[in-house]
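Have the structure open as you read.

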Amino acid sequence: MPEMDHSTMPPPAAAPPSAGEKPETLVIPEMLPAMLLSDVIIFPNVIVPLVVTDERMVKLVNDALSGSKMIATFTRIPQPVSESAEDQFYRVGTAVQILKMFRVPDGSIRLLVQGLARIRWVTLLGTDPYLTVRIEAMGADRRRGLKIEALMRTISDEFHRVIDYSHQIPDEVKIAIYNIADPGVLGDIVTSNLSVKIEDKQEVLQTFELEERLKKVASLVHHELKLLQLGSKIQTEVEGELEKSQRQYFLREQLKAIRRELGEEEDLGAELKEFEKKVMEVGMSEEAQEVALKEIGRLRNMSVASAEYTVSRTYIEWLIALPWSKSSEDRLDVEVAEKILNEDHYGLDDVKERILEFLAVRKLRKTMKGPILCFVGPPGVGKTSLGRSIARAMSRQFNRMSLGGMRDEAEIRGHRRTYIGALPGRIIQSVRRVAVNNPVLMLDEIDKLGQDFRGDPSSALLEVLDPEQNFSFQDHYLDVPFDLSRVMFITTANDMHAIPLPLRDRMEILQLPGYISPEKVEIAKHYLVPRQLEANGLKKSDLSFTVSGLESVIAQYTREAGVRALEQQIAGVCRKVARTLAKGSKTKVVITPKNVADFLGVFRFLEDKATKEAEVGRATGLAWTPFGGDILAIESTWMPGSKDLQVTGRLGDVMKESAAIALSYLRANAAGFGIAEDIFRRRDIHIHIPEGATPKDGPSAGITLCASLASLFLNVPVRNDVALTGEITLRGRVLPIGGLREKVVAAHRANIHEVILPRQNKKDLQEVPENIRQQMKFVFVDRVDEVLHLALLRTSRKR
């Protein structure tokens, strides 16, 4: 139905006693055009300004002005009982007369109308172009008596006091009230100027019996007076403490005080009820539930505008958002999990075996604490991606947080709520982010934690990574225990020794060694090349790599333990092929050792090869580096001097000590090896290891240094087809070394097919790929004299 628009105008004004005709002489037509109003009720004898914008209502006004100037007004019901059109408005309204009309450039009109009499809606006559209704005019009740007089006096007196307290009613109304002798007019004028609900005003309008109507008016005036008096009292009490920043807070407190004085029960609020419902549903611990409910109780007594309200509300939201009892279901099919791990990563058998063991035990025992693993290995070997693969194999949620450079303990445990902008620590934030209480959380770069005046994060991690304590981890912000025992923590590090010992003791260390060249070839074939083909929009029919081509890229363009640089080089080849295809070429590109330089440029590294001829004083050793194994050429020479030993090649202290030990052993056993005694007294000795810009250290070059010096002293070449590695003692024993797999692969890559090793390293040969073991010969020794017997070309030696 058409609706009336009205603007915010001054309160209705009383019509002068002489204005308009007497009610007895009024003739109200039985049929009138009807106007529906929103949020306004027009009383008889009251002048009200209206704004009309609807085109049909404008026509209604124009037609009325050309006739009786009368229209019927009815008010919409604020909350109708149904969607029916007849239930949208009150059936008792007011017949009004248009006093003045002003047209506005925007097409709307401004009206000044005066209420004439109460009317009742009888029936709807038409809706086009506007509502036309049949009405019944209700006559005015003119009875008088003592009760009527008493009610008039009460209403007049209390309304004057309302005007004194209120700043919204103009003084002109106060003067008009003194001049009104008609009780019905008094009641209508007073009610129209009260700030009461539409429902209350309509109740007065549709009460036709005069005494009953005045009683309702008196009740409304009394209620309004009490509210204003109480507001004035509250304002007086708090005015001395009120500041501009607290004005909104004061208004809230004023409303609370009014409700308490009236004895009304304060509404809990839909939001707080929802909070309480969620607290009971999310499965919190008893302690956390008690704290949450207590905080909600405090929230009821706070002002929404206060800073403390926001802090408490955020705290409750955090408690509700945490997955106290929500878990994901583990995939306990060991075969499927093994298949997923193998799909995602090549090799890493020890790590995969540990994960499958955990799943097997988890399948047999439904409740168990999550393992805490630490992957230690060089960059690029897949530590982080392995964590994601483990989460996928177990069908768990995964989240990674980097600890590198973290120096503040609060990053782990959170800030206390007394601090502005406080939040839980990153552990709790990660758990909330994944929304389950049994995720896989990866703490990356745990060896790079720092510490300063703000605390030691590694100490805060002691509780997190201790299965005997983390079932009741207490974040400073939450201040209630949260169970982390079902979380599977995986940490990563490049250097195990940089991890504080107490923290290292709480984790199960799994070493991820660097990949050797055959492994990198397999990874490139099955993972890197397909991924880069897809990333660059290529197909297998556009580009392929031969095995030798991949080996050339690995050996001549990368020096790393992992495969990041290798993938970058493969990506570079893919981009260049994509460029040729974009120009229209349709020829498939095959990368081989012959054409790899056309795509990647000149070689960045030269392959390590053994020397073609045996030389005096030169021995080939093996070294472990973070990028894999490498061969080590050790050269020694002498010159006239006074038995000084000089070592060069950027050697570390341990390697310098190994050189000194080798020289001391040969001097002590010179006679047994047939070395002239005077050599040591009149010669200076110089040992050099080429590639002087590269730091070198470790004890495993001991037997190589000894072989090089013995070759120099005896003037006998060292075999060029054999490589040596092993630590020596002053008594001539050969001790075991580490990194055997990488060293053997480096010898194989350099076309050396015989390696002399400490006997105690025989058990480690199983780590070497089988195809390499079958192509090489391994000789195991216990003492230095065995090494010299095997490494020097002379067939017979003195002992």
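Below we look at one helix pair and then at some salt bridges.

This is a predicted model, in which local features need pLDDT of at least 70 and side-chain atom pairs count only at pLDDT 80 or more, while totals for chains, interfaces and linings use all residues. Residues are numbered from 1 along each chain as its sequence is written, and side-chain values use heavy atoms, leaving out hydrogens and water.

Start with helix H25 (residues 702-714) and helix H28 (residues 784-791), whose axes come within 10 Å and cross at roughly 60°. That makes H25 oblique to H28. Where they meet, Ile703, Cys706, Ala707 and Ala710 of H25 touch Val784, Val787 and Leu788 of H28 (contact means heavy atoms within 4.5 Å).

Now for the charges: the structure holds 32 salt bridges, each a side-chain nitrogen of Lys or Arg within 4 Å of a carboxyl oxygen of Asp or Glu. One of them pairs Lys216 with Glu203 at 2.8 Å, N to O. This pair links distant parts of the chain, with Lys216 in helix H6 (residues 210-238) and Glu203 in helix H5 (residues 198-205), 13 residues apart.

Next, visit Lys448, which forms a salt bridge with Glu445, their closest N and O atoms being 2.9 Å apart. Asp447 also forms a salt bridge with Lys448, here with 3.4 Å between the closest N and O atoms. Finally, salt bridges that share partners join Glu295, Arg298, Glu308 and Arg417 into one network.

How values were computed: Axes fitted to C-alpha atoms, helices over the stretch in contact; angles between N-to-C directions. Helix = DSSP H or I, 4+ residues; strand = E, 2+ residues; numbered from the N terminus. Parallel < 35°, antiparallel > 145°, perpendicular 65-115°, else oblique.
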